[in-house]
Amino acid sequence: MQSATARRHVQTLLTLSVIVRLAVWILVYVSARLLPLFDASPSILINGTPPSSIFLRWDAFYFAHIAREGYVYEHEWAFFNGLPLLMRISDHLQALAGFGTNGWGTLLRGGAGMAILCDSTHVLYHLSLHYFRSPSLAFSSAALSLLSSSPAALKLASYNEPFFTYFSYRGMLACARSQWAAASVYFALASMFRSNGILLSGFILWGMLVVPFLTGQKDLLTPRRLLKCVLLTALPLIPFIHHNVTAYLQFCKPSATHIPDWCTNNMLPSIYSHVQSKYWNVGFLRYWTVSNIPNFMFALPVLLHVFAFCWFYLSNLPAIIPHIAPRIRSKNNDVPPPPQLDSPFLSPSLLPHVLHALALTLILTFNAHVQISLRLLPSLPLMYWAAARLMLDLPKWGKAWVTWSVLWGALSCVLWAVFLPPA
């Protein structure tokens, strides 16, 4: 049961979340009304400039088109079917209520409405409370998550990120509570929206196998547990596999008049990898060009923010390891226990989060369109734990982070409204 303090914190966070969403919507709507669009497509596809047109930017075009027509063009296979499916469901519900059907406006409104239901603030609060055992620190972390580096994508639009973040947090919380089956289901749902959901399986692998091994509880590593771990770790991979197998069956039939090169050029054909490489030029260091320096500058604050916390944690790993694996310390029972760690942010239970954050941030830095870090890294609880650490241990840097978050968040809303990057 929740304590009175926890209930009060959750209620406050819910109120703040509503206020932030309203502020984002008002800022984007006013900017769209007063400033000229760089690209007039939204006002053409949705007649005039009704409120629903502010949802139609960047990737929302692809999601809405897939929801309307299915996967028509090859490059659309870069996007998974989770959000288009929700948009179609919402569109059907709106049709039953008499609000029209299968139009751009109804699909976009439906996706945005569904995203509101997936508010992740309270989930982050409970996850932080589980690790830190401090209601004030959990509240600070969750409150800082409201100052998102991509408020339009996370608080307004029909985008993958709100759903991916919500289900990721839910799965992480289930892992923290050793609810492995629930965690696997949540991670599988997250993987329906983004391909990097497959990395989330690592939390199940860590909790079910690595922790018992490191803590010397080898009696838990039974064949039954191993089989269960394999099955639960595999479940979040299914959306990615299904996406690629569906495309393979559609494009790579022997009876087809033209078989694409990606069907035969790789040992494991993947339309997702093919499309990312061909249409988005995704690959190791491909984005490291002079013309992309502005995009690196956009993403630099969040990248440095996560890298700095990972360095802080991993540089203290020699002091953390004895708390994770006591038997590594010594086989002599007379050796005193290791000294208490001097920061809640060095909790041994945070290690899988640090490793996951480091892996994702390295991928985004060296192998992706780096500016998407602004909307992908908020799916990491560590992003806000790092901000809370700055506020607690390095207040000047903490204030600088909050100032940047507010100013950049407001500017990014205006850029979104007038259809300018970063997306």
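**Cavities and cysteines**

The model is a predicted one. The volume of this largest cavity is about 140 Å³, and the structure holds 4 cavities of 30 Å³ or more.

Two helices, α8 (151–155) and α9 (160–176), each supply at least two residues of the lining of the largest cavity. Of the elements involved, α9 gives the most, with 3 residues. Sorted by class, the lining of the largest cavity has 6 nonpolar, 5 polar and 3 charged residues.

The cysteines come next. The structure has 1 disulfide, which joins C252 to C263 with an S to S distance of 1.8 Å. C252 lies in the loop between α13 (238–251) and α14 (262–265), while C263 is in helix α14, so the bond ties together parts that are 11 residues apart in sequence. The link of C252 and C263 is left-handed, with -70° about the S-S bond. Both C252 and C263 are buried.

C229, in contrast, is in no disulfide, and the nearest cysteine sulfur, that of C175, is 10 Å away. C229 counts as buried because its relative accessibility is 1%, under the 20% cut-off. For C310, the closest cysteine sulfur is also in C175, at 18 Å, which is too far for a bond, since a disulfide needs the two sulfur atoms within 2.5 Å. C310 is buried, with a relative accessible area of 1%.

Note on methods: Residues numbered from 1 in each chain as written. Predicted model: local features only at pLDDT ≥ 70, side-chain atom pairs only at ≥ 80, totals over all residues. Heavy atoms only, no water. Helix = DSSP H or I, 4+ residues; strand = E, 2+ residues; numbered from the N terminus. Buried < 20%, exposed > 50% of the residue type's maximum accessible area, 1.4 Å probe, protein only. 1 Å grid on protein atoms, 1.4 Å probe; cavity = no way out; pocket = protein on both sides within 12 Å on 5 of 7 lines; lining within 4 Å. Points joined across faces, edges and corners; volume = space filled by probe spheres on them. Nonpolar A, V, L, I, M, F, W, Y, C, P; charged D, E, K, R; others polar.
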